[in-house]
Amino acid sequence: MDLTRAFLADESLHDVMAELDLPPALNEVYGHRLAPRPFFLDRAEADRVADDLRRFFDLLLSLPHRLFDGSLTRCAAALGVPPHEAALMSAEPPPFHGRADLYRVGEGFRLLELNSGSQLGGTDLGDIARAIHESPRMRDFVRDHGLSYVHPVEKLLSAIGSGTVAFLEAGGMLAKFGKGFASLQESCRRLGVDILLGELEDLTERNGWLHLNGTRLDVVVRFFSPAQAVGKADAFLKGVKTEIYTPLSSYLYGYKSTLALLTGTNLEDDEQALVDRLVPWTRKLEDVDKDHLRAHRENLVLKASGEFAGTGVYAGWLHDDRSWRDLLEDCAGRPHVVQERVRPQLDVVPGDDRGWLTTWGWFVTPDGFAGMSIRTMPHEAGAVVSYGGNPNTRVSGLLVH
């Protein structure tokens, strides 16, 4: 029997999420916004999609060479990246650490966007998966179905290596997102690693090493963006002996307009098949005829290229013709993409007749599948499943079998 159906059929499990033993800091962030159920996935499928995503990232890495004679500057300009931000990026290909947000469609998954780099939310949701897996109420279900989980924070710590590690924000964001960073720090500590927290402005450099409040750093895990680093990165760029995970150039491949560059690129047959399998129709706003945009409003999504957490995403079917026209005119001349509407399979939750819309956030590292960020909400609650941007969004953990 399908695991979701098996879970839903056992009414004794339906309140398991309300009884989870969550770590204190994690509970402070997510305890009041847990989804009504866990989610399940075949491990072979998790690995298959992760492998597709790694190959897709390799394809994106090739775009500066295929389209711009190897010039990262020209590639960044085509994506709408401001020159002062692009100047901070190295042409050296970054490692793939990312979270791909996908919808389940039929028997597969379709890519909404690829967030590349270490500045990712949701890694600490691995502790929700762990709590589900360890719940006494779930013990028999877990055993009978051979369930396990993959923790994104554990995979992150494995990827960055050992030594003194600091997670760095910038511009006061450490305080703004203090609860989230406390949860991350708690998760790392549970896994045996004590990390430091700081901001870009607190760094100093001595003899090629970065220091945070006097402590020499072996590894910096970057949570700030190139935009945040402009005018503040002198010490950061000089600290060549401290490993940076991930470099600022990673951010380039997470721009939504990167997907639009694939249109018209000369691809091999296997590459084209990969793109067709993963990516919905995506174009830069400036490249699409206005009459087409107006005529197909109900099947289009407009997205600001460099935004995150659901900011700057506009679903055409939630606008009328006039407001959609005004929105298109307002966004003209600024980096935006237009994407085909993806119509996902809706999920069922206990005690609710409504279908729920779920974003499956695939974490991937160079070693493959690295866990999941599950965000879900009632379908009628909007078009963007965003924890920070939509108060109806709930989170859950993924168990694999």
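**Cavity lining and a histidine**

Mentor: Keep in mind that this is a predicted model. Start with the largest cavity: strand S17 gives the largest share of its lining, three residues.

Trainee: Which elements each supply at least two residues of that lining?
Mentor: Helix H7 (126-134) and strand S17 (368-378). Among the lining residues are Gly126, Ala129, Phe369, Gly371 and Met372.

Trainee: What makes the lining nonpolar, polar or charged by class?
Mentor: The lining has seven nonpolar, three polar and no charged residues. Gly counts as polar here, and Gly126, Gly371 and Gly397 are in the lining.

Trainee: How many cavities of 30 Å³ or more are there?
Mentor: The count is three. About 50 Å³ of space lies in the largest cavity.

Trainee: Now His151. Where does His151 lie?
Mentor: In the loop between helix H8 (139-145) and helix H9 (152-160).

Trainee: What makes the pairing of the His151 and Asp127 side chains a polar contact?
Mentor: The cut-off for an N or O pair is within 3.5 Å, and the His151 and Asp127 side chains are joined at 3.3 Å. The His151 side chain also reaches the backbone nitrogen of Val153 at 3.1 Å.

Trainee: Which residues does His151 touch, not counting those up to four places away in sequence?
Mentor: Thr123, Gly126, Asp127, Ser187 and Ala370. Gly126 also lines the largest cavity.

Definitions and conventions: Residues numbered from 1 in each chain as written. Predicted model: local features only at pLDDT ≥ 70, side-chain atom pairs only at ≥ 80, totals over all residues. Heavy atoms only, no water. Helix = DSSP H or I, 4+ residues; strand = E, 2+ residues; numbered from the N terminus. Polar contact = N/O pair within 3.5 Å; in protein donor to acceptor, adjacent residues only side chain to side chain. Contact = heavy atoms within 4.5 Å. 1 Å grid on protein atoms, 1.4 Å probe; cavity = no way out; pocket = protein on both sides within 12 Å on 5 of 7 lines; lining within 4 Å. Points joined across faces, edges and corners; volume = space filled by probe spheres on them.
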